[in-house]
Structure formats: C-alpha cells, structure tokens
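This report describes how two protein chains meet in a model. The sequence and structure come first, and the description of the interface follows.

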2 protein chains.
Amino acid sequence: MFGPGKATLLEAIRDTGSIARAGRRMAMSYKRAWTLVEDMNAAFAEPLVLSVRGGAKGGGAELTLAGTAILAHYRAVVAAAAFAGKAHLDAIEAALAQSDGE
Amino acid sequence: MFGPGKATLLEAIRDTGSIARAGRRMAMSYKRAWTLVEDMNAAFAEPLVLSVRGGAKGGGAELTLAGTAILAHYRAVVAAAAFAGKAHLDAIEAALAQSDGE
C-alpha cells in the first residue's frame, strides 16, 4: 500500500512542487507518477497530494497535512526498524564471507 | 544477500531434514532450492547448510551452527523492526480509507 517508491515520490513532490518534476527526478513517466498519486489519494481517507492545474503559476502540486504526516510516519518506521535491528544485521554482516560495505 | 525467501528455506530444511522436501514445501523446484543453498553457503564465511548425499538414510540436509545463528539473527531483525515501527505502522494503517486487516 505504501512503500519506498511512494515515499520518495512524495518527497520529490514536496521538494519540486510538481508531480511532473517529481516524476522526472525519479526517472519515472508523468503517467506513472500521476497513477501513483491517484492510488495514494484513493487509498487514504484524506488525499496525500493536492494538485492544481493551470493558473497564474502554471499549476503545481503539494503535500497535504495528511501527506506530510504519512511521510513522516513512514520515515520513522524505516529509521526505527534500522535502529532496532542493527545489532542483528551487524551480526549477519560479520558472518558474510566478504563484506562489501553495502 | 539474505531475506525472507532464504530464511524460510532454512526453516524448511531444518524442519524437513532435506533440501528436496524443503523445496517442495515451498513449491520451489529442487534446482532452485539447491541454487539458493549454494548461494548462501558461498556468501557466508561458514556454510549455513550441510548436505549428505546417499548413505543408509538416503541422504539429507541440516543447518550448521552458523545456519542456525544466521536464521535466529534474521528473525530477530524482523521482530525488532516490527516492534519498533509498530506505532508508526498503526498510524499509517489508521489513515487508510479502508483497513483490510492485511
């Protein structure tokens, strides 16, 4: 439902103010970026992205408060998981034949 | 390098005592199961699976101590991540239009 690709797209929309520019930054087609935004807006009780077509500034897009909150929760999940599992991941890494630092 | 598929395969080998039976339990071809075992054994400094061909009992496979340890660390990572991220995952889940319990 919500994963690394959608989170990165939300960040790119927040940073660029545009679904089209966000898609380009991710080397994603405009259609694909729009489809993902529509999926997210439909999946959540409140839309995560607000887009305006045309207008004086040529339209644009921004995150709603809900979008900002979901993005923050997602990044917190990832950070908490990495922190909580670090000792065990280190143990697995140490047992590898060659550690390539990835 | 090591993820849910390989962890489940190790558990199936541990439970069935055989790479072939483990593969069948996972609806995976014998060749695929063997390839994954060979990958794991090559990736770690010590092999994770010990296999014996033929013999009185018709051969079989078991986890080494290293295999048991890596499996335990992996399951601990997953559990720690789920625990650490639960509050945020719950917040994302609560924001969904419909919660399907998945």
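Between chain A and chain B, an area of about 1900 Å² is buried, and carbon and sulfur atoms give 80% of that area. On the chain A side, helices α3 (30-43) and α4 (65-95) each supply at least two of the residues that touch chain B. The most comes from α4(A), with 14 residues. Sorted by class, the side of chain A that touches chain B holds 18 nonpolar and 4 polar residues, and no charged ones.

The model is predicted, and the predictor's own scores belong beside any reading of the interface. For the complex, the predictor gives an ipTM of 0.70 and a pTM of 0.61. Chain A has a mean pLDDT of 88, with 91% of its residues at 70 or more. Where pLDDT is low, the predicted coordinates should not be read in detail.

The counts across the interface are set out below.

| Item between chain A and chain B | Value |
|---|---|
| Contact residues | 22 residues of chain A, 22 residues of chain B |
| Salt bridges | 0 salt bridges |
| Polar contacts (both residues at pLDDT 80 or more) | 6 residue pairs |

How are the two copies related? Chain A can be laid on chain B by a turn of 180 degrees with a shift of 0.0 Å along the axis, and the RMSD is then 0.1 Å. The two copies are therefore related as by a two-fold rotation axis. Within chain A, the C-alpha nearest this axis belongs to Ala81(A), at 1.9 Å from it. Both copies use the same surface, since 100% of the contact residues of chain A recur in chain B.

**Salt bridges**

Side chains of opposite charge can pair when their charged atoms come close. Over all chains the count is 8 salt bridges, while between chain A and chain B the count is 0. One salt bridge within chain A joins Arg75(A) to Glu11(A), with the closest N and O atoms 2.7 Å apart. Arg75(A) lies in helix α4 of chain A and Glu11(A) in helix α1 (residues 4-16) of chain A, so this pair ties together parts that are 64 residues apart in sequence.

Methods:
Residues numbered from 1 in each chain as written. Chains lettered and ligands numbered in written order. Heavy atoms only, no water. pLDDT = per-residue confidence, 0-100. Contact = heavy atoms within 4.5 Å. Buried area = accessible area lost by both parts, 1.4 Å probe. Salt bridge = Lys/Arg side-chain N within 4 Å of Asp/Glu carboxyl O. Polar contact = N/O pair within 3.5 Å; in protein donor to acceptor, adjacent residues only side chain to side chain. Helix = DSSP H or I, 4+ residues; strand = E, 2+ residues; numbered from the N terminus. Nonpolar A, V, L, I, M, F, W, Y, C, P; charged D, E, K, R; others polar. Least-squares fit on C-alpha atoms with pLDDT ≥ 70 in both.
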